[in-house]
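Please keep the sequence and the model in view while reading.

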Amino acid sequence: MAETDLARDDEFELTEEQKLLKESLLDWGERELPLSRVIEMNQEGHPFPEDLVKSLANLGVIMGPVPEEHGGSGLSWEDQAIIADQIGYIDPSIATAAGFMAVETGWGYTLNRYGNETIREKFVKPAINGDQFVGIATTEPGGGSDVAGFESTAERDGDDWILNGEKTFISGTEEAQKMGGAFWVNVRTGPAPEDAPHKNMTSFCVPVDADGMNFQEPYRDAGRMAISTGGFIMEDVRIPDRFRLGEVDKGFYYTMEGFDNARILIGASSVGVTRRILEEAADYIKERETFGNPLAKYEGIQFEFSDLYTRMKALRLMYQQVARMQEKRYEEAGKGERTGSPKTYSATDVARWISMIKWKAPHLAKEAADKAMHWLGAAGYADDYVFETAWKGVMSYCVGAEGGANIQKIVIARETLGPEYVPYK
Ligand SMILES: Cc1cc2nc3c(=O)[nH]c(=O)nc-3n(C[C@H](O)[C@H](O)[C@H](O)COP(=O)(O)OP(=O)(O)OC[C@H]3O[C@@H](n4cnc5c(N)ncnc54)[C@H](O)[C@@H]3O)c2cc1C
């Protein structure tokens, strides 16, 4: 296998534009973010190379599906998934702030869709241009999986809202403070009805520099150290009503849409991570000889390689398919703002597929990194190889980020067996 076969994987299925997009990203990666820099940044802990975010933004890949009239590139969801895949290949930690912003496009895109002109001008366009950060803050100390179970509140005060509460395990808190920008924040705007706790939730776009936003020291995570994970306490944060996202009390539905978009891209980027791991490992096992043969000749190793490679290809087709379904939904319902309802696929039609890719793709990448470490022996255990960095990075998406594995399994069962089998009801 030539060194770049996996890098340029599956080109026969892509349009000419998509091939160019992939090539330009690969060139960018080789120039600006070689593997050695990814590893170094993960070892340093929260470095913030502003130039990197800016140069990636210049390619038009941050929030690519935002329509051109709103300052985006008007890309399709399939295009953005291809971008996420390629970012995962370039940065297998999925943690450098630049790569993170392209992969986490789902939230910025959804924020644009439910935000108004003020939000678009003040926060969305600057984030697309790489000048500001847009993040998501749903998780609270009381838990993350139960999105309807949080306690932060907003109370109406004339034309404003007063927000109080705490958000934890939020990606990019340090970067957001350095760059400026905003977080999508969910709060309660009424008590949680016992039979429907997802009701009475409202979403706001909260500026990082709003008075009363008190950021905490970032956590020392096991991995993904090139981007911070932190928290903040909101103490009487006054937010104008024009920073509200969509309708009052409907935040849960917008948040689920944000999760769907984010999960497609996490799935796609994890496929890219697996691709890079297998490529790096293939180079090694073809080169390294034991008992007179290259490691790649031994069935104990090549069969594992084939297994991982096959599952990676299946997941690639899966993210492509689900990205196309999501694109169709937005074509019918309005990509920039809501102009109608999706007709061909409902939200629950796509949710099952999205959960499958969000569950399986990061786990495959983690398994590939683990296997590759075994194939390399002692060399695989050294922290200047990609495998350890990748393993730690994708592990974040296995344990919780964008929803833990069990939550994805619940969605798949709910959409397949029926809602009466949801375990927490
Ligand atoms: C690196 C990193 C970055 C993150 N970035 C962000 C961010 O930017 N914004 C944000 O809002 N959040 C972020 N999160 C938090 C993430 O959303 C939560 O970790 C996730 O929602 C799970 O919540 P929890 O960690 O509180 O786990 P819990 O909800 O306490 O769940 C613990 C475990 O139990 C499982 N579980 C829960 N309920 C059930 C059930 N009914 N049946 C079976 N199993 C169940 C879960 O899958 C999980 O494995 C981040 C997390 C990490 C690790």
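## A glycine beside the ligand

Gly144 lies in the loop between strand 1 and strand 2 (153-157); strands (E, at least two residues) and helices (H or I, at least four) are DSSP runs numbered from the N terminus. Gly144 counts as partly exposed because 19 C-beta neighbours lie inside 10 Å. By definition, a residue is buried if 20 or more other C-beta atoms lie within 10 Å of its own, exposed if 12 or fewer, and partly exposed in between, with C-beta atoms placed from the backbone. Apart from neighbours within four places in sequence, Gly144 is in contact with Thr139, Phe169 and Gly400; contact requires C-beta atoms, placed from the backbone, within 7 Å.

The model is predicted: local features need pLDDT of at least 70, side-chain atom pairs count only at pLDDT 80 or more, and totals for chains, interfaces and linings use all residues. Residues are numbered from 1 along each chain as its sequence is written.

## The shell around the ligand

Which residues come nearest to the ligand? Of the 25 residues around the ligand, these are Gly144, Ser145, Gly400, Gly404 and Asn406, where a residue is near a molecule or strand if its C-beta atom, placed from the backbone, lies within 6 Å of it. At least two residues of the shell come from each of strand 1 (133-137), strand 3 (160-171), helix 13 (386-399) and helix 14 (405-417).

The shell comprises 10 nonpolar, 13 polar and 2 charged residues. In this classification Ala, Val, Leu, Ile, Met, Phe, Trp, Tyr, Cys and Pro are nonpolar, Asp, Glu, Lys and Arg are charged, and the others, Gly among them, are polar. Domain 2 (134-245) and domain 3 (251-421) each contribute at least three residues to the shell.

## Domains and their contact

The domain assignment divides the protein chain into domain 1 (11-133), domain 2 (134-245) and domain 3 (251-421); such bounds come from an automatic or database domain assignment. Taken over C-alpha atoms, the centres of domain 1 and domain 2 are 23 Å apart.

Between these two domains, 23 residues of domain 1 are in contact with 25 residues of domain 2. On the domain 1 side, two or more residues are given by each of helix 2 (35-44), helix 5 (97-103), helix 6 (105-114) and helix 7 (117-128). That side holds 13 nonpolar residues, 10 polar residues and no charged ones.

Helix 7 has the buried residues Ile119, Arg120, Phe123, Val124, Ala127 and Ile128. These residues lie on the same side of helix 7 because they cover an arc of only 125 degrees around the axis, the arc being that of the directions from the helix axis to the C-beta atoms. The face turned away from the buried side carries the exposed residues Glu117 and Thr118. Packing partners of the buried residues of helix 7 are helix 3 (50-57), helix 6, strand 1, strand 4 (181-188) and strand 5 (201-207). Gly130, which follows helix 7, has a positive phi near 80 degrees.

In helix 3, the buried residues are Leu52, Val53, Leu56 and Ala57. They fall within an arc of 130 degrees seen down the axis, so they line one face of helix 3. The buried residues of helix 3 pack against helix 1 (16-32), helix 5 and helix 7.

## The nonpolar core

The largest nonpolar core has 114 residues, and those with the most contacts inside it are Leu163, Phe183, Phe204, Cys205, Ile264 and Ile277. Such a core is a set of buried Ala, Val, Leu, Ile, Met, Phe, Trp, Tyr and Cys residues joined through C-beta atoms within 7 Å. Helix 11 (residues 347-376) gives the most to this core, with 15 residues.Beyond its neighbours within four places in sequence, Cys205 is in contact with residues including Leu111, Ile119, Phe123 and Trp184.

Met63, in the loop between helix 3 and helix 4 (77-90), has a positive phi of about 55 degrees although it is not a glycine. Met63 is buried, with 30 other C-beta atoms within 10 Å. Arg224 is likewise not a glycine and has a positive phi of about 50 degrees.
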